[in-house]
Amino acid sequence: MKIIRRIVFVIALIVFLGSAGYLLQHYLKGEAEQKDFESLKVSEGHDVAALHEENPDIAGWVQIEGTIIDYPVMQTVDEPEYYLRRNFNKEDSLAGTPFMDANSDMRIPSKNLMIYGHNMKNGTMFHSLLEYEEKEYFDAHPTVRFDTLDGPGEYEIIAAGYTEIYPEDVDVFKYYNYVNITEPSDFREYVQGVKALSAYDTGVTAEPGDQLITLSTCAYQVEEGRFIVVARKIK
């Protein structure tokens, strides 16, 4: 029995050390990837035009003041999820880089620019979007900045809440079907839908003609859970 207990102990110890080593490696890799993004900033800011010279896939830069969200946003129309697991330099990356939906046309532009980012366990990327579940967090961080080649942009948040990716045959509001909004009727439907799922009333709404931005990340309240933050451009 002593021999069996020793064998079980050794196996458990090996599993523990292996798991701890993996978690440490995962953490260190995440820290290194975050530093890579910070190296793209200039004097606590960013120059989208200069970064476009380095990588023409950049669509803009998203930032929420007072949070860790401060990243380039990429877009690859021919390969929509190219940056899902790649960094700004197109190298393999666990965290990837926030990217814009291929159908959010920057040239029209679409009235809803949809941006996806990972919900990383180490708190980076779009993980902190879930903090918007609490109104106190919204009160402290009510705006989103999204700068593009056309210049800076400031957006005020109109809705924030949990939703999910539904089966095709389920007849409910599906935020991801409103990526390339061009018609006023679709715009109204989208605003009504996101306001209905919002965790609280932000006191702000949007009307046809406004420019929207939607930040989307994975959530785990259900199997295909998502959390979205929607904001309208104010300048």
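**Contacts, a core and a helix**

Biologist: Leaving aside its neighbours within four places in sequence, which residues is Arg226 in contact with?

Modeller: This is a predicted model, where local features need pLDDT of at least 70, side-chain atom pairs count only at pLDDT 80 or more, and totals for chains, interfaces and linings use all residues. Residues are numbered from 1 along each chain as its sequence is written, and side-chain values use heavy atoms, without hydrogens and water. Contact means heavy atoms within 4.5 Å. With those neighbours set aside, Arg226 touches Gly161, Tyr162, Thr163, Glu164, Ile165, Tyr175, Ser216, Thr217, Cys218, Ala219 and Gln221.

Biologist: Is Arg226 buried or exposed?

Modeller: Arg226 lies in strand E8; strands (E, at least two residues) and helices (H or I, at least four) are DSSP runs numbered from the N terminus. Buried means under 20% relative accessible area, exposed over 50%, and partly exposed in between, using a 1.4 Å probe and protein chains only. Because its relative accessible area is 18%, Arg226 counts as buried.

Biologist: How many residues does the largest nonpolar core have?

Modeller: Such a core is a set of buried Ala, Val, Leu, Ile, Met, Phe, Trp, Tyr and Cys residues joined through side-chain atoms within 4.5 Å. Leu129, Tyr132, Phe146 and Leu215 have the most contacts inside the largest one, and its size is 30 residues.

Biologist: Which exposed residues does H4 carry on the face turned away from its buried side?

Modeller: The buried residues of H4 are Phe187, Tyr190, Val191, Gly193, Val194 and Leu197. They pack against E4, E6, E7 and E8. The face turned away from that buried side carries Arg188, Gln192 and Ala196.
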